[in-house]
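Have the sequence and the 3D view open as you read.

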Amino acid sequence: MLDRQQMRQLKIEPPDQAVYKEVLGNWDALAKPLDGMGEFEELFARIGAIRRDPALDISRKAVVVMCADNGIVEEKISQSGQDVTAKVAAAMGRGTSSVCRMAKAAGVEVIPVDIGINEEGSPEGVLPCKVRRGTRNFIKERAMTEQETLAAIEIGMELAKRLAHEGYKLLATGEMGIGNTTTSSAVAAALLSCDPKEITGKGAGLSDTALLRKIAVVEEGIQMHELYQADAFDVLCAVGGLDIAGLSGVFIGGALAHVPVVVDGVISAVAALAAERMIPGVRDYVIPSHKSREPAAERILEKLGIRPVLDAGLALGEGTGAVMMCGLLDIARTIYGERTTFADIDVAPYHRFG
Ligand SMILES: O=C(O)c1ccc[n+]([C@@H]2O[C@H](COP(=O)([O-])O)[C@@H](O)[C@H]2O)c1
Ligand SMILES: Cc1cc2nc[nH]c2cc1C
C-alpha cells in the first residue's frame with residue numbers, strides 16, 4: 001500500500017522535446033497552410049512528446065469513470081438525491097449512460113469504477129474498488145482519512161498503469177457522484193486561494209437560494225479545516241472526494257507511464273490540479289478538452305497552463321467532454337496519419353517568416 005512518503009518521492013520525467021519538434025515539422029510538411037490545424041498541431045506535438053512517438057498512435061483509448069458518493073449531500077447542496085450516483089453507475093455498467101453512447105460513437109472504451117458508491121456491493125459491469133461507502137460530511141469532520149485518500153489515489157494510479165500496459169495509448173477521465181461539484185469547489189477554492197463565491201456554480205442544477213447555501217457550505221469547510229494554509233493532499237482529505245482522489249491517481253499514473261490523460265469537466269480538472277500540486281510535472285501529461293460551465297473550471301485550467309478546445313457550456317460529467325475531444329483528436333489525426341505533403345501536390349514547402 002502506497003504511503004505519503006513514497007508518493008512524495010515519485011518523479012515525473014519531462015516529455016521528449018526532440019519528438020515535440022519532429023511532430024511540428026511533420027505538420028509543416030503537410031499540404032495545408034502553416035498552422036492550419038491551429039492548436040491541434042501543438043497538442044499533437046505534446047502527445048508525441050509524451051508517448052515518445054512521432055507517429056502519434058492514439059488508436060486505443062479508454063475513459064476511466066470514477067463513481068463515488070459524498071457525505072456533504074446531507075447539507076442539501078445538490079438538486080439530486082444520492083441514489084442517482086448508483087443508478088447512473090449501474091446504467092454505465094450496462095453501457096447505456098450518456099458517456100457510453102458517446103464513447104461508442106467515438107471508439108473509446110468506458111471503464112466505470114466504483115471507488116465509493118454508497119451502496120452495498122458494486123453495480124454489474126462496474127469495476128469494484130470501493131474504498132468506503134461515500135465520504136463523511138466535510139462540515140462536520142474530515143471527508144476522508146489519510147489512508148482512504150491514499151487508497152483512492154493508488155487505485156487510480158494502478159489502473160492507469162495497467163491500462164498503459166494493456167496497450168491503451170490515450171486515457172480520458174470522467175466521474176459520477178452527486179455532490180461532487182461542491183467538493184470540487186471546496187478543493188478548487190483552497191488550491192487557488194480564492195473566495196468560494198467566485199468559483200462555486202450550480203452543478204447539476206440549483207436554485208439561486210440553494211447556490212447561496214452551497215457557497216456557505218464551501219466557505220465553512222475551508223474555514224473549519226484551515227485550508228488556505230494546507231497542502232494539496234490535506235485539502236483532498238478534508239473536503240475532497242474518493243472520485244477526485246482516484247482521478248488524481250489516474251493523472252499521476254498516466255504521467256508515470258507516459259500516457260496522455262484527457263481532462264474533462266470541473267471535477268476532473270480539480271483532480272489534475274491536485275495531482276500537479278502533489279507531484280510536480282504531471283501537468284505536462286494533461287490534455288485539455290472543454291471548458292465546463294462550472295466557474296471553477298476556467299480558473300483551474302488557466303493555473304494548469306492548458307487551454308480548453310471546446311467552449312460549449314457543457315456540464316454533464318461522466319467524461320463526456322473528454323470523449324468528445326477524443327473524437328476530435330481522431331479526426332484531426334487523419335491528415336497527419338495519411339499524409340498528403342507539399343511534395344505530393346508538387347508545391348514547394350512553405351517557410352516560416354520571422
Ligand atoms: O463536468 C462538469 O463540469 C460537471 C458540472 C456539473 C455537474 N456535473 C455532474 O453532475 C453531478 C454533480 O452535480 P451536483 O450538483 O450534484 O454537485 C456529477 O455526477 C457530475 O458528473 C459535472
Ligand atoms: C441523471 C444524472 C446523470 C449524470 N451524469 C453525470 N452526472 C449526472 C447527474 C444526474 C442528475
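## Before we start

Keep in mind that this is a predicted model. Two packed helices are described by the angle between their axes and the distance between the axes, and that's how we'll go about it here.

## Helices H2 and H3

Start with H2, which covers residues 17-29, and H3, which covers residues 39-51. Their axes sit 8 Å apart, at an angle of about 140°, and the crossing is right-handed.

Who meets whom? H2 brings Gln17, Val19, Tyr20, Val23, Leu24 and Trp27, while H3 brings Glu41, Phe44, Ala45, Arg46, Gly48 and Ala49. Sort this contact by class and you get eight nonpolar, two polar and two charged residues.

## Helices H7 and H12

Now move along to H7 (residues 180-192) and H12 (residues 266-278). The axes of these two come within 9 Å and cross at roughly 35°. H7 goes past H12 in a left-handed crossing.

On the H7 side, look for Asn180, Thr181, Ser184, Val187, Ala188 and Leu191; they meet Val266, Ile267, Val270, Leu273, Ala274 and Arg277 of H12. This contact of H7 with H12 has eight nonpolar residues, three polar ones and one charged one.

## Around ligand 2

Which residues are around ligand 2? They are Ser80, Val84, Val88, Met176, Ala204, Leu316, Gly317 and Glu318. That shell splits into five nonpolar, two polar and one charged.

Conventions: Residues numbered from 1 in each chain as written. Chains lettered and ligands numbered in written order. Predicted model: local features only at pLDDT ≥ 70, side-chain atom pairs only at ≥ 80, totals over all residues. Axes fitted to C-alpha atoms, helices over the stretch in contact; angles between N-to-C directions. Helix = DSSP H or I, 4+ residues; strand = E, 2+ residues; numbered from the N terminus. Left-handed = near helix turned anticlockwise from the far one by under 90°. Contact = placed C-beta atoms within 7 Å. Nonpolar A, V, L, I, M, F, W, Y, C, P; charged D, E, K, R; others polar. Near = placed C-beta within 6 Å.
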